[in-house]
Amino acid sequence: MIRQVRGTVITVGSNFLIIEVGNAGAGIGLRIFSPEATAARFRAGDDISLHTHLQVREIELSLYGFEELDELEIFEALLGVSGIGPKVALATLSTLTPDALRLAVANKEPGIVARVPGIGKRTAEKVIVELKDKLAPAEGELAALATTLDADAEVMEALTSLGYSVVEAQRALQQIPDDITGVEERLRMALVQFSD
């Protein structure tokens, strides 16, 4: 099984990257599906390393890639929920951050999970029930996680009102260290990333 891919980005799509592995100019180009925020973070020519999941089907082999091992583990946990395939699991990680999904599971909020395209009310309830032991944060982490997510919601609203897309805003938020919790400080750090 292919568990990690390192190479150079040669093409960027909305939810995939084509990565050349092997000798530059003579390597193999692999199409790797990824969350939208991950795909948007890279440009052609960038070096990249992704944790991957190989989905084997009768007529197709598909690679799904994630920058963080945590995202891969959540993706694979989602695949274990009946009714969720790789496209919906990927859409979940494009719509919700891993922390937002953990908080929704911990607080038993299927409405948040149902925001994901392709997940209805019943499937969202299954996600909550089937992943409660796998994704729920520890008691001590829950309050800190909720505080950070509340701050991120305010920052996201501010960035989108300034004209940035949701994907751009998510990408900026994912780059901010978790130990910075204040709304103003998180917004300032997000805006600095757009000036780079």
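Predicted model: local features only at pLDDT ≥ 70, side-chain atom pairs only at ≥ 80, totals over all residues.
Val 21 stands opposite Ile 28 in strand E3.

Val 21 belongs to E2, residues 16-21, and E3 covers residues 28-33. These two strands run antiparallel and are joined by 6 bridges. E1 and E2 make a hairpin, with 3 residues between them.

Next, the other neighbour of E3. E3 is joined to E5, residues 61-66, by 2 bridges, and these strands run parallel. Two pairs can be named here. Ile 32 stands opposite Leu 63 in E5, and the bridge partner of Phe 33 in E5 is Tyr 64. As a general point, side chains in a regular strand alternate between the two faces of the sheet.

E5 then goes on to E4. The two pair in the antiparallel sense over 6 bridges, with Val 56 opposite Leu 61 of E5. They also form a hairpin, this one with 4 residues between the strands.

How much of E5 is buried? Of its 6 residues, 5 are buried, so E5 is largely enclosed by the rest of the structure.

Now the two helices against each other. A pair of packed helices is described by the angle between the axes and the distance between the axes. For H2, residues 69-79, and H3, residues 86-95, the angle is about 135° and the axes are 9 Å apart. That makes H2 oblique to H3. The crossing of H2 past H3 is right-handed.

On the H2 side, the residues in this contact are Glu 71, Ile 74, Phe 75, Leu 78 and Leu 79. They meet Pro 86, Ala 89, Leu 90, Thr 92 and Leu 93 of H3. By type, the contact residues divide into 8 nonpolar, 1 polar and 1 charged. On spacing within a helix in general: there are 3.6 residues a turn in an α-helix, so residues three or four places apart point the same way.

The loop between H2 and H3 contains Ile 84. Is Ile 84 buried or exposed? Its relative accessibility is 6%, so Ile 84 counts as buried. What does Ile 84 touch, leaving aside neighbours within four places in sequence? The contacts are Leu 78, Leu 79, Ala 89, Ile 119, Thr 123 and Val 127. Of these, Leu 78 and Leu 79 in H2 and Ala 89 in H3 also take part in the helix contact. There is also a C-alpha separation to give: Ile 84 and Gly 118 are 34 residues apart along the chain, and their C-alpha atoms are separated by 8.8 Å.

The buried ones are Pro 98, Ala 100, Leu 101, Arg 102, Leu 103, Ala 104 and Val 105. Arg 102 is on that list of buried residues.

H4 is followed by Lys 108. Where is Lys 108 found? Lys 108 is in the loop between H4, 98-106, and H5, 110-113. Its phi is positive, about 55°, although Lys 108 is not a glycine. In general, most residues other than glycine have a negative phi. Lys 108 is exposed, with a relative accessible area of 61%.

To recap the main points. H2 and H3 pack at about 135°, and the loop between them holds Ile 84, which is buried.

Methods: Residues numbered from 1 in each chain as written. Heavy atoms only, no water. Axes fitted to C-alpha atoms, helices over the stretch in contact; angles between N-to-C directions. Parallel < 35°, antiparallel > 145°, perpendicular 65-115°, else oblique. Left-handed = near helix turned anticlockwise from the far one by under 90°. Contact = heavy atoms within 4.5 Å. Nonpolar A, V, L, I, M, F, W, Y, C, P; charged D, E, K, R; others polar. Pairing = 2+ DSSP bridges. Buried < 20%, exposed > 50% of the residue type's maximum accessible area, 1.4 Å probe, protein only.
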